[in-house]
Amino acid sequence: MAKYAAVPDLVARFMEESGEPEQWVTVREIRERYGLPRYQSGTIAGFLHRLEFSSYGEFPYIVKKVEMLEREGRSSPLRYRYLLARRTGRCTGRDPSRYAGGIPAGTAATGCGTGKA
């Protein structure tokens, strides 16, 4: 996350603002919501793929599933949507809000756990 360290905060904020424990998201939706430039797409996608195959510390969300969207044209780039869900499982006893440097205390997730739901 050296290219843009706020990506985990933005993904968590996106989920908290939706109020849903699970929802489909695209990189474009996250970029547009927070006014990020197009060149940050790879960083966001990389973080979401990381959430699918491994954990990110005490991050309260995981990616349960990734689906490729239909292309708009032959030369358009591949696009994916990600099923983000709140983690479930046993609590590790650590403070899950430690990762949330830029998220106000009222919006940081309070649950903890590991593994996929």
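Okay, housekeeping before the pictures. Because the model is predicted, local features need pLDDT of at least 70 and side-chain atom pairs count only at pLDDT 80 or more, while totals for chains, interfaces and linings use all residues. Residues are numbered from 1 along each chain as its sequence is written, and side-chain values use heavy atoms, with hydrogens and water left out.

So, confidence. pLDDT is the predictor's own confidence in each residue, on a scale from 0 to 100. The protein has a mean of 77, with 73% of its residues at 70 or more. Over residues 91-117 the pLDDT is below 50, and that stretch still has 52 contacts in the model beyond near neighbours in sequence; contact here means heavy atoms within 4.5 Å. Where pLDDT is low, the predicted coordinates should not be read in detail. Among the elements, α3 has the lowest confidence, at a mean of 91, and β1 has the highest, at 95.

Now the layout. We have three helices and three strands, in the order α-β-α-α-β-β from the N terminus. These are DSSP runs numbered from the N terminus: helices are H or I with at least four residues, strands are E with at least two.

Which strand pairs with both of the others? Look at β3, residues 79-86: β1 (residues 22-26) joins it through five bridges, antiparallel, and β2 (residues 61-69) pairs with it over eight bridges, also in the antiparallel sense. For the record, two strands pair if DSSP finds at least two bridges between them.

On to the helices. The expected span of a helix is 1.5 Å times one less than its number of residues. With twelve residues, α1 reaches 17 Å from first C-alpha to last, close to the 16 Å expected. Helix α3, residues 41-53, has 13 residues and reaches 19 Å, close to the expected 18 Å. Just after α1, Gly19 takes a positive phi of about 75°.

What's inside? I'm calling a residue buried under 20% relative accessible area, exposed over 50%, and partly exposed in between, with a 1.4 Å probe and protein chains only. Buried residues make up 37% of the 117 in the protein. In α1 the buried ones are Val7, Pro8, Asp9, Leu10, Val11, Ala12, Phe14 and Met15, and what covers them includes β1, α2, α3, β2 and β3. In α3 they are Thr43, Ile44, Ala45, Phe47, Leu48, Leu51 and Glu52, packing against α1 (7-18), α2 (27-34), β2 and β3.

That takes us to the core. A nonpolar core is a set of buried Ala, Val, Leu, Ile, Met, Phe, Trp, Tyr and Cys residues joined through side-chain atoms within 4.5 Å. The largest has 21 residues, and those with the most contacts inside it are Val11, Ile30, Leu48 and Leu84. Each of α1, α2, α3, β2 and β3 supplies at least two residues, with α1 giving the most, six. And who does Leu48 touch, leaving aside its neighbours within four places in sequence? Its contacts are Val11, Val27, Ile30, Val63, Tyr82 and Leu84.

Next, the aromatics. Rings of Phe, Tyr and Trp (its six-membered ring) pair if their centres lie within 6.5 Å; planes under 30 degrees apart count as stacked, over 60 as edge-to-face, and the rest as tilted. That gives two aromatic pairs. Phe47 and Phe59 have ring centres 5.3 Å apart and planes at 90°, so they are edge-to-face. This pair links distant parts of the chain, with Phe47 in helix α3 and Phe59 in the loop between α3 and β2, twelve residues apart. Phe59 and Tyr61 are also edge-to-face, at 6.1 Å centre to centre and 65° between the planes. Together, ring pairs link Phe47, Phe59 and Tyr61 into a cluster. Phe59 counts as buried because its relative accessibility is 0%, and Tyr61 counts as buried at 1%.

Buried or exposed? Glu58 is buried, with a relative accessible area of 9%. Glu58 and Arg87 are 29 residues apart in sequence and 9.6 Å apart in space, C-alpha to C-alpha.
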